[in-house]
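Dear colleague,

Here is the structure for your files.

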Amino acid sequence: MENLSLYLLLLVAMGCGWGLALFTGRNRRRLRHSRDIFDDYFVGLNYLLNDEPDEAIDTFIKALELNSETVETHLALGALLRRRGKVDNAIKVHQALLARPGLESNFTDATRLQLAIDYISAGLLDRAERLLNEILNECSPMKWDALRHLIDIYQTEKEWESAISCSNQLLANSAYKRDPEIRVAAANFCCELADQLLVREQLNKAKEHARMSFTFDRKSIRASLLLARIEQLLGNYKAAIKELIRIRKNYPEFTGAILQQLELCYARMDASADFGKLLADFFAQSPDSNVLLALARHKKKFTDSAEALSFLREHIQQTPSLPAIVETLGLQLPSTDSEIQVNFSLLQQAVKQLQQRKAAYQCHHCGYESKTLYWLCPSCQKWDKIRPLPATRL
Ligand SMILES: [Zn+2]
């Protein structure tokens with residue numbers, strides 16, 4: 001639809017060009033020029049009708065003389081070429097425009113921006129960065145678009161500090177201040193830096209950056225998980241538990257992702273009984289299959305297998321999941337005779353394999369499924385759109 005309106009725009013532009021040349025044709029040269037445009041107009045139109053848009057665009061570019069009236073049409077043609085994958089040609093069109101002497105400043109910036117987008121599409125990120133920074137340094141009205149593209153470049157190049165700096169500049173504009181995508185991306189840039197610092201064991205600096213994430217997205221799951229991990233490494237188990245419980249409160253679907261860390265924190269505080277109570281509270285609030293499994297394992301470890309089995313039998317129909325079925329089979333194995341034990345074992349293996357093949361996460365934006373949690377969706381390139389799939393999905 002967008003392409004169709006552009007083609008129509010081109011036809012109108014060509015028609016106007018021809019008309020203008022004809023009516024202002026006071027001499028033979030101009031009249032001949034108007035006839036050339038007229039011919040090219042119909043050649044281009046013929047290409048469009050024959051569904052050959054690339055040839056049509058090439059014809060229009062050749063026919064449209066570059067002057068102040070046709071700059072916008074050339075810009076539209078260049079963008080159209082890029083969208084059709086002809087990035088080299090788009091670069092040529094935009095470079096020719098920029099080289100034109102006396103180009104008005106608003107068109108210069110618009111052309112620079114389009115050329116920068118061409119360079120990004122061609123993977124020439126250094127050149128794109130240079131052009132975008134020129135727009136930024138001249139405080140052009142295009143500066144906000146330049147910042148958006150610079151953020152994309154710094155994200156691709158993993159230059160997180162530059163990406164944060166550009167995000168801050170963009171968020172200073174009231175039009176972007178509440179843009180959730182920019183805020184969530186900036187929070188993740190801070191987490192990327194925190195992750196790097198964590199690997200280098202610079203725990204306090206990592207904590208600072210994880211906290212900085214909350215200035216962009218105060219409910220950032222990734223920042224809370226990171227902070228919990230850092231507090232745990234610093235021996236601040238109560239602070240880690242607080243952070244993990246905050247995740248469950250804001251995003252109950254992430255309960256399965258926090259249970260292991262919670263268990264470890266309580267164990268380090270020598271308070272495993274409190275962990276059992278917490279699990280029971282969680283299960284009373286909402287019968288989650290991850291909590292069911294954790295509670296059964298807790299009962300097995302601190303009470304006995306019989307109680308764990310009876311608990312699972314009581315609740316497994318209500319919240320069925322493959323891990324809970326594997327656990328139930330495992331608990332039943334010792335009480336069966338040897339022949340049944342062999343069959344049970346085979347069944348347990350089959351269920352385990354089935355479970356390993358299943359995706360555990362899904363992107364809420366594009367539907368991409370994965371076994372591991374990605375903060376940036378590898379398919380649609382959106383941040384924080386991947387969520388755990390319910391374990392009850394058999
Ligand atoms: Zn996605």
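This is a predicted model: local features need pLDDT of at least 70, side-chain atom pairs count only at pLDDT 80 or more; totals for chains, interfaces and linings use all residues.

Residues are numbered from 1 along each chain as its sequence is written, and side-chain values use heavy atoms, with hydrogens and water left out.

The protein chain has 19 helices and three strands (DSSP runs numbered from the N terminus: H or I of at least four residues for helices, E of at least two for strands). Of its 394 residues, 46% are buried (buried is under 20% relative accessible area, exposed over 50%, partly exposed in between, with a 1.4 Å probe and protein chains only).

Ser213 sits in helix 11, residues 203–216. Ser213 is buried because its relative accessibility is 0%. Leaving out residues up to four places away in sequence, Ser213 contacts Ala187, Cys190, Cys191 and Ala223 (contact: heavy atoms within 4.5 Å).

The zinc ion has four protein donors, the SG atoms of Cys363, Cys366, Cys377 and Cys380, at 2.3 Å (donors: N, O and S atoms within 2.8 Å of the metal, or 3.2 Å for Na, K and Ca; water is not among the atoms, so sites may look incomplete). Their spacing along the chain is C-x2-C-x10-C-x2-C. The arrangement is tetrahedral because the angles between the four donor atoms are 105 to 115° (four donors count as tetrahedral if all angles lie between 85 and 135 degrees). Cys377 is buried at 0% relative accessible area, whereas Cys380 is partly exposed at 22%.

Regards

Definitions and conventions:
Four donors count as tetrahedral if all angles lie between 85 and 135 degrees; four count as square planar and six as octahedral if opposite donors are over 155 degrees apart and all others between 65 and 115; anything else is irregular.
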